[in-house]
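Welcome! Take a look at the sequence and the structure below, and keep them at hand while you read the briefing that follows.

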Amino acid sequence: MSEQPYLVVERVAKHFGKFQAVRDATFTVKRGEFVCLLGPSGCGKTTLLRMIAGLETMSGGRIVQDGRDISNLPPSGRDFGIVFQSYALFPNLTVFDNVAYGLRGRGKSGAEIAARVDELLTLVGLPGEAKKFPAQISGGQQQRVALARALAISPGLLLLDEPLSALDARVRVYLRQEIRALQHRLGVTTIMVTHDQEEALTMADRIAVMNSGRIEQYGTPAHVYAAPETPFVADFVGTTNFLKAKMLAPGRIVSGGVEIAVATPEGTNPGMDLRVCVRPEDVMVRGIGDTTPNRVDVTVEELVFMGAFSRARLVGPGGMSISADFSANLLRDHSLAAGARIKVALPAERLRVFPG
Amino acid sequence: MKNSFTTIGKTLTAAIAVLAFGAGAADAQQRTRITVYTAIENEQLPVFKEAFEKVAPDVEIAWVRDSTGTIAARFLAEKDNPRADAIWGLSVTSLILFEQQGLLADYKPKGYDKLKPLFKDQTAPFTWHGIDAYAASICVNTAVAKAQNLPIPKTWADLVNPAYKGKIVMPNPASSGTGYLTVAAWQQIMGDAAAWQYMDKLHENVGVYLHSGSAPCVQAARGEYAIGISFDMRAASEKTKGAPVEIVVPTEGVGWDMEASAIVKTTKNMAAAQKLMDYSSSAEANRDLYSKYYNVVADPDAKGTAPNYPAETEARMLKIDLAAMANNRDKTLAEWSKRYDGKSAPK
Amino acid sequence: MGIRLDRDAIGQRAALLVAAGFLLVSLALPLATLFGKSFRDRDGQFVGLANFVRYFGTPSLVASLWSTVWVSLLATCIVVPLAFVYAYAIRRTTMPGRGVFRALGLVPILAPSLLPAIALIYLFGNQGFARFMLMGESIYGPIGIVIAQVYYCFPHAFLILSTALAIADRRHYEAAEVLGAGRVRVFLTVTLPGVKYGIVSAFFVVFTMIATDFGIPKVIGGRFNVLATDVYKQVIGQQNFEMGAVVGMVLLLPAMIAFAADRWVARRQVALLSARAVPFEPQKRKLRDLVLFAFCALVATCILVVLGVAAWASLIQYWPYNLSLSLRNYAFQNADASGWSSYFNTLAMAACAATIGCSVVAFGAWLVDKTRGAEFLRGVVHLLAMIPLAVPGLVLGLSYIFFFNAPGNPLGFIYGTLAILVLNTIAHFYTVAHLTSLQALKQLDPEFESVSSSLKISVWRTAWQVTLPVSSQALLDVWFYMFVNAMTTVSAVIFLYGPYTKLASVAIVNMDEAGFTAAAAAMGCTIVATSAAAKVLHSLLAAWLDRRTQAWRAR
C-alpha cells in the first residue's frame with residue numbers, strides 16, 4: 001500500500017487553441033510528499049496545478065488520486081485544499097469566518113467549528129487574530145489564514161499556487177520553513193507551484209522542473225541540482241557555466257584549445273558541437289599538480305565579494321570564460337586577487353555534457 | 001447584511017404582487033369598457049368621455065391618446081390582434097388607410113344621413129364619419145414681425161418673399177401628416193411642376209423642418225421663428241393662451257384633414273362601439289363637443305364657437321381626393337426627401 | 001475531455017439558460033419579429049433585400065449616416081474626457097465637496113431628455129436670453145444636438161468611469177512612486193490601464209446612446225437628419241414599419257462594433273482587487289485638488305443652470321410674452337387628461353423595473369462572469385445583454401407590439417399592462433446595468449469560486465455571502481440607474497402604455513407638443529424631484545452600507 005503513489009499524473013496535456021500550455025506531463029507523488037512544480041512564468045506549471053484541482057479541463061491524459069481516477073471530476077468532487085497567489089480571502093468575512101467557511105453546513109455544531117478554527121489558527125501561528133478582517137492583517141498573516149482555510153477540511157492534497165511570491169524576502173524565508181514544518185507535521189501531500197528555485201530546493205522533497213509546457217526533469221532537489229538532465233535545468237536551477245566544446249572522441253572533448261576528459265553522453269559523435277556545464281563551486285583550485293586532469297591556465301579578471309565566498313570571473317585560453325566560487329579561506333590561503341594567474345581544474349565527475 | 005437582503009426580497013414580492021394584480025385591478029362594475037384610440041386634444045378627453053357616458057351609462061371609455069402619427073403607427077402595428085374597440089377622433093387619412101387594410105367595421109351610425117357630405121364615407125363599406133376638420137394655415141408672430149419689420153403674408157405665394165429667409169418653420173412631410181397635406185395642397189393648387197418650383201424657393205426661406213404638425217405653430221407662437229406653417233386648431237389654441245399670433249388662411253385655398261370616428265372590425269363589444277358611433281355622429285355631440293373646440297364640424301346645423309378661429313377657413317378648404325392623396329404619398333415624399341433632405345445642413 | 005458537471009455547474013447552466021431565455025423573450029424575439037419585417041413589403045410579401053436596396057439608394061441616407069457618425073463621435077469625444085476628469089476628481093483626490101459633486105454629476109440623468117431641450121431653447125433659442133453666446137449660430141442643428149447630448153450622456157459616462165475609478169490597489173501606486181515614476185507617468189502607466197475597460201465601455205455606451213436617440217434631434221435638431229430621426233419619420237410619420245426596421249437594423253451596427261471592442265478589451269482586463277489589495281487612499285495635493293475643484297464647480301454649475309432654467313420654465317405663464325410666475329402649471333389636468341395619475345403610474349413602474357431589473361441584471365452578470373465553462377451560453381447571454389444599447393427605443397417599443405400582441409403569444413396577457421412597461425424598460429436599459437455589474441464583478445478576485453468549490457461549498461452560498469455583500473454598492477447603483485431611467489423613458493413605452501398606465505414621460509411629450517411647454521417642464525421637474533429624492537435615499541443607503549462594510553475595507 002505504501003508503495004502505491006498517492007497521486008499519479010499521466011501524460012496530461014492542455015492546449016488552448018494551437019498553443020500547447022502543458023504537454024505530456026507525467027509524474028507521481030507519494031503520500032505525504034512535498035512536490036514543487038518549478039519553472040519560469042508561462043511554463044505551464046500553474047495550468048498543470050489547476051488541472052490537478054479540476055479548475056481547468058485537460059486536453060488529454062489522466063490523473064489518479066489515491067487510486068481514484070479524478071480526471072473528469074469537478075473540483076467539488078475532488079479532495080484538495082488550495083492556496084492561491086492572491087490568497088482569495090473573502091474580504092467581507094473575518095479571519096474566523098474565512099477559516100470556518102468550509103466547515104459550515106456540514107452538520108458541525110458552532111462549538112465544534114470554533115474549536116477547529118482555533119486549532120487551525122494556532123497551527124498557523126495566528127491565535128487572537130480571529131476577529132480581524134483580511135485587510136487589517138499583514139500579507140504574511142493573510143497567507144497563513146488562506147493556508148488555515150485550505151487545511152480546515154483536512155484535504156488529502158494541498159495545492160499551493162505561488163503562495164509566497166507576493167511577500168517580502170524575510171517573511172518569505174520564514175514562511176518557507178513554517179509551511180514545510182507544518183506540512184511535515186500534518187503529513188499532507190502537497191504540490192506547490194513556484195518560479196523561485198531556492199524556494200523549491202529548500203522546501204520540496206521532489207522537484208518537477210518545467211519548461212515550455214514540458215516537465216524536463218523530476219527528482220530530489222539534490223539530484224536535480226547535481227545532475228541536471230537538460231541544459232535548461234542546469235541553467236534554471238542554481239548557477240552554471242556553459243562552455244562551448246567539440247567532441248574529439250568518446251570521453252575526450254576540447255574547449256578553448258584545452259583538452260578535457262569527461263564522460264560523453266550517448267548519442268554524441270566525434271566532431272559534434274557540445275556544451276559543457278560546470279557549477280562555479282565545482283571549479284577546483286587546491287591541490288592541483290602536473291597530473292591533475294583537466295587543468296586550465298586562467299587569469300582572475302574580477303572578484304566579487306559575496307559574503308561567505310567570492311565569485312571570480314576567470315578567463316582561460318581561447319576566450320574561455322568561467323565563473324568560480326572561492327571561499328574566503330581559499331582566497332586567504334592563495335592570496336588571490338584580481339589579475340592573478342592561476343591553474344584550476346574542472347573535475348570530470350562534476351561536468352555535464354550536452355549536445356550543443 | 002442578511003436583514004437588508006431579506007428586505008429586498010420582500011420588496012420584490014410586493015412588486016410582483018403589484019404587477020400581477022395591478023393589471024387586472026380595474027373597477028369591477030358591470031359596465032362595458034371599450035378601448036378608444038384617439039388623437040384629439042388631451043384637454044378634451046374628460047369632456048368627451050363624460051358626455052358620452054352620460055348618454056350611454058352602461059359603457060365606459062378607456063382612452064388611448066397620442067399624436068396622430070403615433071396612434072396610427074400603433075394601431076397598424078397591432079393590426080393582427082387589434083386592441084382598440086373604436087376610434088373617436090383620428091385623422092381621416094389614417095382611417096382610409098385602415099379601411100383599405102380591412103380593419104374597420106361597416107356601420108352607418110344614426111346621425112350619418114344628416115352629416116355634411118364631405119364628412120362621411122360615401123362608398124361601401126361605410127366605415128367612418130368625420131367629426132371636425134382642421135386646415136393648414138399660417139401662424140404669424142406679430143411681435144416678431146413687427147420687430148423685424150416683416151410683412152404679414154396673405155397667400156402661399158407670399159411666403160417665398162426673400163424677406164422671410166430662414167424665418168419660416170414647417171412640418172417635415174415625412175414626419176407629419178399636416179406637413180404632407182400642406183404639400184399635397186400645393187400640388188393641387190399649382191400643379192405638380194409648379195409646386196416643386198415653389199417649394200424649391202420656399203426651401204430657401206425655411207429655417208427648420210419640424211417633426212410634428214403642431215410644433216411649427218408652437219414655435220412661431222413663442223417667437224422662435226416668425227412664421228409657422230401648421231393647422232388652425234393649434235394656432236387658435238396658442239392665441240387663446242396669449243401668444244401674439246395672427247392666423248392666416250391663404251387665399252389660394254388650404255389643405256385640410258378631418259378627425260373621424262370608426263369601429264374596429266374585430267371588436268368584441270360591437271353594441272357598445274355602435275353606441276359610441278351613434279353618439280359621435282349625433283347633433284348633440286356636434287353641438288356640445290366639437291363646435292366648442294373646432295370651427296368646422298360635421299353637422300351642418302352646428303356652429304363653431306371656438307375662440308380665435310379664422311372665419312374664412314371652411315370656404316377656403318380645397319376639394320381634395322383623399323384616396324389619390326394617400327396613393328401619391330410615397331412618390332411625393334421620395335421626391336421631397338431627394339430635394340430637401342440631402343442638403344439639410346442648416347446655415 | 002470534459003469535466004463532469006457538479007450540482008453547482010448544472011445549476012449555473014440552468015440559470016444561464018433562464019437568463020438567456022429572459023433576454024430572448026424580452027429582447028431577441030421581439031426584435032427578430034420586427035426585423036423580419038425589413039424583408040417584407042407593406043402587404044407582408046417577402047421581398048428579400050429590396051427594402052435595403054431602396055433605402056441605400058436614397059441620397060439622404062449618406063447624409064444621415066455621416067451626420068449620425070460625426071455628431072455622435074464629437075459629442076462622445078467631449079463627454080467621455082469631461083466625465084473622466086470629473087470622476088477622477090471625485091474618486092482620486094481629496095478636494096472638498098466630492099459627495100456634492102458626485103450627486104450633481106448625476107443630475108442630468110434624473111431629467112427627461114425634453115427638459116434640457118426646453119432649457120436649451122429658452123437659453124440659446126432665437127428668443128433665448130443667452131443666445132449671444134452662440135455668436136450667430138443657431139441652436140437648432142448640430143450645435144444644439146451636441147450640447148444636449150453632452151448634457152444628457154454625461155451622467156452615464158460619469159457612472160461607468162466612477163465605478164471604474166472607485167477601486168484601485170494602493171500598492172500599484174506605491175510601487176510606481178518608488179520606481180521614481182513622475183505623476184504623469186503614474187497616471188499613464190497605472191491609473192489609465194486600470195480603468196481602460198471603463199473608458200472603452202463609456203465610449204461605446206455614450207456613442208451608441210447618442211447614435212440611437214431620436215428625442216433630442218427631434219426637438220432641437222432642426223433640419224439636421226440623423227438615422228434615429230429617419231426611424232421616426234418612417235414609423236410615426238409614414239407608418240412604414242418595414243423601412244423603419246431597415247433603418248433600425250442599420251443602427252445596430254455601432255452596437256455590434258461595441259460588442260466586439262468590449263470583448264477585445266475584456267480579454268485584456270485583469271482583476272484589480274485581489275483579496276490582499278490595499279485600497280487606494282488619495283493623497284492631498286493642493287494644486288491638483290484646486291484645479292480639479294474649479295473644473296468640477298464649472299461642470300456642476302452648467303448642470304445646475306440648465307436645471308434651474310427648466311425649473312423656472314415650469315413656473316412661467318407664457319414664454320416669452322408673459323413671464324409672470326405661477327404654480328398653475330403643476331395642475332396637470334389642465335394640460336393632460338391623465339393629470340397626476342400618469343406620475344403615479346411612472347412611480348410604480350420605475351420602482352418595479354428598478355427592483356426586478358436590478359436583481360435580474362446582477363444575477364445575469366454574475367452568471368456570465370462566474371460560471372466556469374459554458375463559454376457558449378455565457379457568450380450568448382453577454383451578446384444579448386449588449387444589444388439593447390444599440391436599439392433605438394422606438395424600434396424596441398414597436399417590436400414589443402409585434403411580438404407580444406401577436407395572436408397566440410402566450411405572454412399576450414401582459415400587453416397593455418404595467419408589466420409590459422416594466423419588462424420593456426428592463427430590456428431597454430439592460431446594457432449599462434449589465435456592464436456596471438460586470439465591471440464590479442471583474443474587480444473581485446476571480447478565485448473566490450475556485451476556493452469555495454475546493455472547500456465543497458456551493459457557489460450560490462459564496463455568491464450570497466461574499467459576492468453580493470462585496471458588490472452591494474454597485475448593486476445599489478444599478479438599482480438607481482434603472483429607477484431614474486424608468487422615470488424618464490419615453491421612446492420605447494410610447495406604443496405600449498394602456499388606457500390606465502399612461503406614463504408621466506409620455507405626458508411630457510404630449511403636453512409639449514400641444515404647446516403646454518410650462519406644464520411639460522413642470523412634469524419634468526416633478527420627475528427630477530422624485531428621482532432626486534430617490535438619489536437621497538440611495539445615498540443614505542450607500543452611506544449605511546459603507547459604514548457597515550468599513551471594517552473590512554479599512555487597511
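**A first look**

Arg288(C) has a relative accessible area of 17%, so it counts as buried, the cut-off being under 20%. Its salt-bridge partner is Asp289(C), with 3.1 Å from N to O. Asp289(C) is buried too, at 6% relative accessibility. Please keep in mind that this is a predicted model.

**Salt bridges within the chains**

- Over all chains, a search of the whole structure finds 46 salt bridges.
- In chain A, Lys246(A) and Asp273(A) form one of them, and their closest N and O atoms are 3.0 Å apart.
- In chain B, Glu41(B) forms a salt bridge with Arg234(B), and the closest N and O atoms are 3.0 Å apart.
- Here again distant parts of the chain are linked: Glu41(B) sits in the loop between strand S1 (32–38) and helix H2 (45–55), Arg234(B) sits in helix H9 (residues 232–241), and the two are 193 residues apart.
- Both Glu41(B) and Arg234(B) are buried.

**How the chains meet**

- Which chains share the most contacts? Among the 2 pairs of chains in contact, that pair is chains B and C.
- Each of these two chains brings residues to the contact: 75 residues come from chain C and 75 residues from chain B.
- Together, chain C and chain B bury about 6200 Å², and carbon and sulfur atoms account for 56% of this area.
- How many salt bridges does the rule find across the interface of chain C and chain B? It finds 1 salt bridge.
- Arg222(B) and Asp512(C) form a salt bridge, with their closest N and O atoms 3.7 Å apart.
- Chain A and chain B, on the other hand, are joined by no contact, and their closest C-alpha atoms lie 10 Å apart.

**An open sheet in chain A**

- Strands of a sheet pair through backbone hydrogen bonds, either parallel or antiparallel.
- In chain A, 6 strands make an open sheet with mixed pairing, in the order S6-S7-S8-S3-S9-S10.
- Its edge strands are S6 (80–83) and S10 (214–219) of chain A, each of which pairs on one side only.
- On average, neighbouring strands of this sheet are turned by 15° against each other, direction ignored.
- S6(A) and strand S7 (residues 157–161) of chain A run parallel and are joined by 4 bridges. Gly81(A) stands opposite Leu158(A) of S7(A).
- Helix H1 (residues 45–53) of chain A packs on the sheet, and its direction makes about 150° with that of S7(A). The strands that H1 touches include S3 (34–38), S8 (189–194) and S9 (206–211) of chain A.

- S16(A) pairs with strand S15 (residues 295–305) of chain A in the antiparallel sense over 6 bridges. Leu303(A) stands opposite Ala312(A).
- The hairpin of S15(A) and S16(A) has 3 residues between the strands, and Gly307(A) takes a positive phi near 100° there.
- S16(A) also runs antiparallel to strand S17 (residues 321–327) of chain A, and 7 bridges join the two. Arg313(A) stands opposite Ser323(A) of S17(A).
- In the hairpin of S16(A) and S17(A), with 5 residues between the strands, Gly318(A) has a positive phi near 65°.

**Chain B in outline**

- Chain B contains 13 helices and 10 strands.
- Of its 347 residues, 59% are buried.
- Chain B exposes about 13300 Å², and 55% of that comes from carbon and sulfur atoms.
- Thr266(B) lies in the loop between strand S9 (256–263) and helix H10 (270–280) of chain B, and at 45% relative accessibility Thr266(B) is partly exposed.
- Thr266(B) and Glu252(B) are 14 residues apart in sequence, yet 42 Å apart in space, C-alpha to C-alpha.

Key
Residues are numbered from 1 along each chain as its sequence is written. Chains are lettered from A and ligands numbered from 1 in the order in which they are written. This is a predicted model: local features need pLDDT of at least 70, side-chain atom pairs count only at pLDDT 80 or more; totals for chains, interfaces and linings use all residues. Side-chain values use heavy atoms; hydrogens and water are left out. Contact means heavy atoms within 4.5 Å. Two strands pair if DSSP finds at least two bridges between them. Axes are lines fitted to C-alpha atoms, for helices over the stretch in contact, and angles run from 0 to 180 degrees between N-to-C directions. Buried means under 20% relative accessible area, exposed over 50%, partly exposed in between (1.4 Å probe, protein chains only). Accessible areas come from the Shrake-Rupley method with a 1.4 Å probe; for residues, only the protein chains shown count as cover. Buried area is the accessible area (1.4 Å probe) that two parts lose on being put together, summed over both. A salt bridge is a side-chain nitrogen of Lys or Arg within 4 Å of a carboxyl oxygen of Asp or Glu.
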